[in-house]
Amino acid sequence: MLTFKVWDVHNKTVWFRHPLSVSLITEESAPADGLKASFAVSGDVPALRFVEVFSGQERLFCGAVDEQTVLQNKNGTVLMLAARSRAAVLLDNEARPQTYIKPSMNVLMQRHFRPLGFHSFCGTEDTFIGHLTIEKGMSEWAVLNRFCETFLQTSPRLRRDGVIDITGEDPEETVFLSEDRILSFRRTFRYSSLISEILARTYVGGAYSMPLYSNKAQEMGIKRKRYADTAGSRNRSVLSAEKCLQKADAAFEQIIVECSGCLFCETGTTLILSGDRRRYRVKEAVCMYDLSGEKTKITAEVKQE
């Protein structure tokens with residue numbers, strides 16, 4: 001059973017233990033997790049600001065309330081909340097325009113992220129040769145993303161414990177689904193995702209003469225060519241072109257599995273299904289609850305070993 005700890009604007013807390021409906025969403029393309037929940041209430045409802053969601057002792061969600069709606073009709077009063085996890089703070093705050101010479105994550109933490117309540121990160125502390133330009137209108141998340149893409153060739157993520165992760169590595173956790181928990185299973189082969197070849201230009205003024213191939217696309221007779229200009233660009237390297245091919249290969253085979261219970265796992269988590277030798281990488285998880293019970297829908301791709 002999911003339980004909710006909610007803070008009002010005066011920092012007073014209240015527990016909700018019997019929601020009418022819940023939807024918890026985490027997806028790789030969205031930095032912040034999302035929450036929608038509704039509760040039957042009585043009396044006045046104060047202005048609410050923060051919410052945590054627990055499954056037993058495990059905290060699944062922590063974030064700020066975006067919208068609070070109270071619906072009254074002849075059947076009673078329903079409170080509806082929409083919230084986003086802590087990453088929303090980085091999305092909603094605009095960064096100060098400036099240019100860093102020899103940037104490092106330590107400097108960015110001190111000037112950008114610690115003032116917003118983020119106190120630690122995991123990844124390199126190196127100082128890099130080059131410039132990091134923050135343009136007018138960029139969010140703090142965009143600053144973090146640009147730093148990682150430009151100097152590390154990784155994508156950042158905010159872990160549920162509040163740590164900013166710039167390593168580009170997936171979580172170490174593995175989730176196993178037994179056959180008796182699986183409600184439905186769907187497998188899709190997306191031929192349109194494959195790229196057969198990327199031709200890279202590796203020096204300024206040179207030709208696009210370095211070919212990179214996808215064995216999967218070649219085996220299937222798919223011809224879909226791309227060009228990558230990696231000359232003089234730190235964030236467009238041959239390595240990034242190789243990762244583009246790997247990402248396209250991974251997206252080829254996708255599964256969607258629905259299971260009983262709440263299984264709100266982080267994106268990148270390894271998923272193992274009973275009777276299936278392959279290992280999958282979680283791309284999206286949606287934990288749902290209504291009066292009929294709890295279930296989870298997981299979208300995943302075959303893990304590239």
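Which residue in strand 18 is the bridge partner of Arg186? The bridge partner of Arg186 in strand 18 is Ile256, and the points below start from the overall chain and come back to this strand.

1. Basis of the model. This is a predicted model, in which local features need pLDDT of at least 70 and side-chain atom pairs count only at pLDDT 80 or more, while totals for chains, interfaces and linings use all residues. Residues are numbered from 1 along each chain as its sequence is written, and side-chain values use heavy atoms, with hydrogens and water left out.

2. Overall chain. The secondary structure comes to five helices and 21 strands, where helices (H or I, at least four residues) and strands (E, at least two) are DSSP runs numbered from the N terminus. The C-alpha atoms fill a box of roughly 70 × 50 × 30 Å along the principal axes. Of the 305 residues, 44% count as buried; buried means under 20% relative accessible area, exposed means over 50%, and partly exposed lies in between, with a 1.4 Å probe and protein chains only. The chain exposes about 16600 Å², of which carbon and sulfur atoms supply 47%; these areas come from the Shrake-Rupley method with a 1.4 Å probe, and for residues only the protein chains shown count as cover. Among contacts (heavy atoms within 4.5 Å) between residues at least 6 apart in sequence, 62% join residues at least 24 apart.

3. Strand 18 and its partners. Strand 18 is largely enclosed by the rest of the structure, because six of its eight residues are buried. Seven bridges join strand 14 (residues 182–189) to strand 18, and the two run antiparallel; two strands are taken to pair if DSSP finds at least two bridges between them. Strand 18 is also joined by seven bridges to strand 21 (residues 293–302), again in antiparallel fashion, and the bridge partner of Glu258 in strand 21 is Lys297.

4. Disulfide and other cysteines. The structure holds one disulfide, defined as a pair of cysteine sulfur atoms within 2.5 Å; it is formed by Cys262 and Cys287, whose sulfur atoms are 2.2 Å apart. Cys262 lies in the loop between strand 18 (253–260) and strand 19 (270–273), and Cys287 lies in strand 20 (residues 279–290), so the pair ties together parts that are 25 residues apart in sequence. Both count as buried, Cys262 with a relative accessible area of 17% and Cys287 with 0%. Cys62, by contrast, is in no disulfide, the nearest cysteine sulfur being that of Cys262 at 16 Å, and Cys62 counts as partly exposed at 23% relative accessibility. Cys122 is likewise in no disulfide, and its nearest cysteine sulfur, that of Cys148, is 10 Å away.

5. Nonpolar cores. A nonpolar core is here a set of buried Ala, Val, Leu, Ile, Met, Phe, Trp, Tyr and Cys residues joined through side-chain atoms within 4.5 Å. In the largest one, of 26 residues, Met105, Leu108, Phe113, Leu144, Phe147, Ile164 and Ile166 touch the most other members. Helix 1 (87–92), helix 2 (105–113), strand 10 (131–134) and helix 3 (140–152) each supply at least two residues of this core, and the largest share, seven residues, comes from helix 3. Not counting residues up to four places away in sequence, Met105 touches Phe113, Phe121, Thr124, Asp126, Leu144, Phe147, Ile164 and Ile166. A second, separate core of 23 residues includes Leu60, Cys262, Cys287 and Tyr289.

6. Ser104. Ser104 is found in the loop between strand 8 (98–101) and helix 2 and is buried, with a relative accessible area of 5%. Leaving aside neighbours within four places in sequence, Ser104 is in contact with Glu125, Asp126, Thr127 and Phe147.

7. The sheet 16-15-17. These three strands make an open sheet with mixed pairing. Strand 16 (210–213) and strand 17 (225–229) stand at the edges, each with a single partner strand, so one side of each is left without a neighbour in the sheet. Strand 15 (residues 197–201) and strand 17 run parallel and are joined by five bridges, with Arg226 in strand 17 as the bridge partner of Ile198. Helix 5 (residues 238–250) packs on the sheet and touches strand 15, strand 16 and strand 17, its direction making about 30° with that of strand 16; axes are lines fitted to C-alpha atoms, for helices over the stretch in contact, and angles run from 0 to 180 degrees between N-to-C directions.
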